[in-house]
Amino acid sequence: MGTSFGRGGATTFQQDLQNSDCIVIQGSNMAECHPVGFQWVTEAKSRGAKVIHVDPRFTRTSALADLHVPLRAGTDIVFLGGIINYVLEHDKYFRDYVVAYTNAPVMLREDFRDTEDLDGVFSGLDPDNRRYDNATWQYKGMEIQAASGERERWIEDRADGGRAVTEAARGEAHGAGGADIGAGVPERDETLSHPRCVFQVLKRHYARYTPQMVEQICGVPQDVFRQVCELVTDNSGRDRTTAFAYAVGWTQHTVGVQYIRTAAVLQQLLGNIGRPGGGILALRGHASIQGSTDIPTLFDLLPGYIPMPHAHLNQDLDAFVEADSTRKGYWGNMRSYLVSLLKAYWGEAATAENDYCFDYLPRLTGSHSTYETTMAQLEGTCKGYFLYGENPAVGSANAKLQRLGMANLDWLVVRDFSLIESATWWQDGPEIETGELRTEDIRTEVFFLPAAAHTEKDGSFTNTQRLLQWHHQAVEPPGEARSDLWFTFHLGRLIRRKLAGSADPMDRPVLDLTWDYPTRGELAEPDAEAVLAEINGRAADGHPLSSYQQLQDDGSTACGCWIYCGVYADGVNQAARRKPGAEQNWVAGEWAWAWPANRRILYNRASADPDGRPWSERKALVWWDAEQARWVGHDIPDFPLGTPPQHQAPPDATGAEALSGTDAFIMQADGKAWLYAPSGLTDGPLPAHYEPQDSPFRNLLYGRQRNPVRHVMPPLPDNRYQPSADEPGAQVFPYVATTYRLTEHHTAGGMSRWLPYLAELQPEFFCEVSPELAAERGLAHTGWATIVSARNVIEARVLVTDRVPPLTVQGRTLHQIGLPYHWGPNGYSTGDAANELLHLSLDPNTHIQEAKAIAVDIRPGRRPRGPAAVQLVRAYQVRAGIDEHTGTEM
């Protein structure tokens with residue numbers, strides 16, 4: 001969504017679903033995984049909205065939907081692309097919205113070639129290095145590169161006349177836009193008729209995504225598919241809006257980012273972005289997943305989605321800002337955001353003379369995602385590992401590799417509520433039983449430190465709709481349990497004490513940090529509100545800032561995260577506000593605080609027509625008030641307040657001043673939503689369907705089977721890929737398994753399997769299979785099943801149910817298997833981990849694993865124990881003809 005719209009967060013908020021005329025929930029089981037937010041879906045339905053649930057399984061979400069559409073896991077781009085084709089073929093798109101607010105009229109270069117021209121790949125593919133040169137993807141006569149931390153290398157390459165291979169042009173990975181289009185205005189065809197304009201390229205791209213193709217690939221009957229198309233289009237337009245909601249059912253694929261991009265394309269065509277009851281809601285599976293990417297915990301980001309610098313020669317602050325900011329839009333102020341961040345980090349030590357300590361920032365040398373870290377552990381280059389609330393021994397893809405990696409460390413620190421599997425694998429993990437590891441041979445020194453729960457500490461969550469909500473400490477943590485804030489602060493304090501007096505320049509970044517947070521109580525707990533105030537930012541006189549527009553690039557302001565600026569305005573913790581909904585309008589702007597600037601619906605300038613009038617009174621949100629000469633409305637306008645609809649920016653204007661009165665997408669350098677992404681994604685400017693890494697079916701759309709630039713790890717014996725489609729051996733793994741979450745358990749189980757009442761509600765790991773599959777494989781209800789992939793073998797109790805219906809795909813019956821992913825061998829409720837089966841073939845933009853569509857075999861009975869388990873997996877590999885090259889082809 002960052003590449004499409006300019007920011008990576010949800011475009012709307014959950015309460016706004018009540019205003020929807022149609023809600024499509026796809027890639028999510030919202031009723032069970034986000035039950036509190038699902039109340040607004042039921043509210044919308046009570047008001048007459050249609051609810052569609054697209055999911056391989058019939059769930060509680062399906063039960064409350066008007067229509068449940070089972071489909072084959074891993075084929076959502078075909079399904080959504082089919083709706084796009086229907087919209088374009090039947091002229092169901094919102095033309096006035098599309099022309100005004102998207103890049104549909106923009107002309108593309110003559111040498112751009114689509115998947116239609118090249119049988120499944122785009123122009124610029126470098127097959128030797130498995131990456132794209134996106135030079136041909138540009139707008140006609142312009143050069144566009146997304147902010148990535150490597151754009152300066154692209155600039156150098158262009159200056160030298162070389163070709164730019166933009167491995168890290170990952171706008172989506174940064175959750176932000178920021179692609180600079182340079183000076184000038186893109187050439188446009190307002191009639192949308194020129195064959196090289198984005199609209200016509202899009203139309204041609206999706207022409208083959210027909211109802212017949214949807215039926216063949218997805219297993220969705222054509223009459224059911226047309227019903228979806230009619231419900232969505234009939235409930236979109238000037239007076240009606242449709243919302244989409246998704247979760248990790250979309251993200252955890254080798255083309256996961258492009259799933260979301262397809263929904264973004266569809267919602268742009270229908271005019272559903274920035275409007276009440278519309279948008280795309282990215283449902284986060286944890287209270288602060290959004291916050292963990294905002295501040296962040298991702299390797300390639302600085303707070304507020306500023307790209308992390310890469311290790312280049314002669315890179316100073318000016319060079320970085322020039323390369324990674326934009327001329328137009330609010331990313332044009334990146335220097336102010338970055339300098340204010342550096343001042344928050346290093347305070348008085350950050351001066352204009354030393355580039356505000358820009359050189360203190362670490363530099364990336366490539367991808368350092370969790371899975372590259374595992375590879376580095378196995379190689380012996382990663383010596384130590386901190387785990388804060390993570391349980392990779394059962395929760396990460398290919399859990400066996402995670403344990404083998406940790407067995408190669410010098411030290412491991414685990415902070416959690418209970419003795420999770422990542423703390424005990426060295427004595428009771430599966431590899432101890434199989435003999436692949438011996439406790440006495442493992443040199444890793446493991447430290448377990450008990451963590452405080454959220455009820456035992458102050459702090460904030462940033463939830464699924466970008467909403468910061470403050471929680472107050474209820475009780476002191478028991479025993480030696482401590483908060484993450486306490487641990488991090490005091491670890492830093494002790495390290496700084498040990499380095500005190502050091503003359504080594506390498507120690508200066510640590511010693512110069514502003515590390516002076518006040519503490520309270522016997523435990524010397526750092527004041528969480530003081531941290532929030534630092535994140536909010538302050539002026540030179542110490543006064544709290546109220547808006548990111550106050551940030552300066554001269555070192556006079558400090559701000560720990562520019563998108564959070566305003567959360568502590570006037571010295572008041574805005575995240576702690578709890579004004580009842582009955583005392584304010586439906587936007588409820590005084591309940592907590594949402595980034596940015598407390599806007600609840602992003603890009604809401606698009607809720608009004610180009611002249612500033614609401615598209616309809618029924619869907620009014622913000623509008624231009626000529627008497628006041630400003631934008632007003634129910635929500636805080638996501639637009640410069642004093643910029644009138646007719647405003648045309650001067651040719652030499654920069655930053656926000658360069659936005660015209662109809663540039664509704666203010667974080668994009670051209671002010672438009674992107675149907676077509678000339679930069680920012682590693683695997684193509686338009687979404688295209690590729691089969692999952694391991695698939696029983698061939699790609700009917702293109703000759704290219706898999707995402708050609710998917711992230712494939714180096715060949716390892718314990719990470720073998722499988723043959724697909726018609727390749728010899730593919731029939732050894734004839735079924736598709738998909739993982740999912742239960743209401744009663746949470747993520748990898750560390751917060752739920754140790755609670756007796758939750759363990760009682762869901763006491764055992766199980767697999768869901770249809771009666772037809774049970775009969776085909778001799779599986780007995782409540783009996784045992786053994787499930788095998790080329791990576792590992794697990795066992796599960798059998799739940800025979802009609803909730804996972806067989807599908808007809810490419811003329812044959814496909815059975816799918818549902819696997820909840822919460823289990824491991826520790827706690828009250830124990831079982832094998834579904835993630836043992838997963839491979840490490842990743843989305844190339846985000847490095848997220850493919851957990852939602854994996855090919856497996858299933859057989860009755862319990863799995864073998866000890867060395868026999870390893871032998872069984874090896875026997876399957878031999879039967880399928882698997883070696884280190886299988887599945888690695890482009």
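A: In this predicted model, helix 22 is followed by glycine 501, which has a positive phi, near 85°. The helix itself covers residues 484–499, 16 residues in total. From its first C-alpha to its last it reaches 22 Å, close to the 22 Å expected at 1.5 Å a residue.

Four residues of helix 22 are buried: Phe487, Phe489, His490 and Gly492. Their cover includes three strands, strand 10 (384–388), strand 11 (411–416) and strand 12 (445–450). Strand 15 (519–520) and strand 16 (525–526) are also among the elements that cover these buried residues.

Strand 11 and strand 12 run parallel and are joined by 6 bridges. Aspartate 416 stands opposite proline 450 in strand 12.

The domain assignment places 370–460 + 469–508 in domain 2, with domain 1 given as 1–106 + 192–285 and domain 3 as 711–880. The C-alpha centres of domain 1 and domain 2 are 39 Å apart.

Asparagine 835 belongs to another part of the chain, the loop between strand 27 (816–820) and strand 28 (841–842). Asparagine 835 counts as buried because its relative accessible area is 5%, and the cut-off is under 20%. Neighbours within four places in sequence left aside, asparagine 835 is in contact with Val394, Gly395, Ser396, Ala397, Asn398, Ala399, Thr739 and Tyr821.

As for the whole, the protein chain has 27 helices and 29 strands. Its radius of gyration is 26 Å, close to the 29 Å from the globule rule for 890 residues, so the chain is as compact as a globular protein of that length. The C-alpha trace spans about 75 × 70 × 65 Å along its principal axes. Of the 890 residues, 62% are buried. Among contacts with a separation of 6 or more, 73% are between residues 24 or more positions apart.

Definitions and conventions: Residues numbered from 1 in each chain as written. Predicted model: local features only at pLDDT ≥ 70, side-chain atom pairs only at ≥ 80, totals over all residues. Heavy atoms only, no water. Helix = DSSP H or I, 4+ residues; strand = E, 2+ residues; numbered from the N terminus. Buried < 20%, exposed > 50% of the residue type's maximum accessible area, 1.4 Å probe, protein only. Contact = heavy atoms within 4.5 Å. Domains from an automatic or database assignment. Expected span 1.5 Å × (residues − 1). Pairing = 2+ DSSP bridges. Rg over C-alpha atoms; globule rule 2.2 N^0.38 Å.
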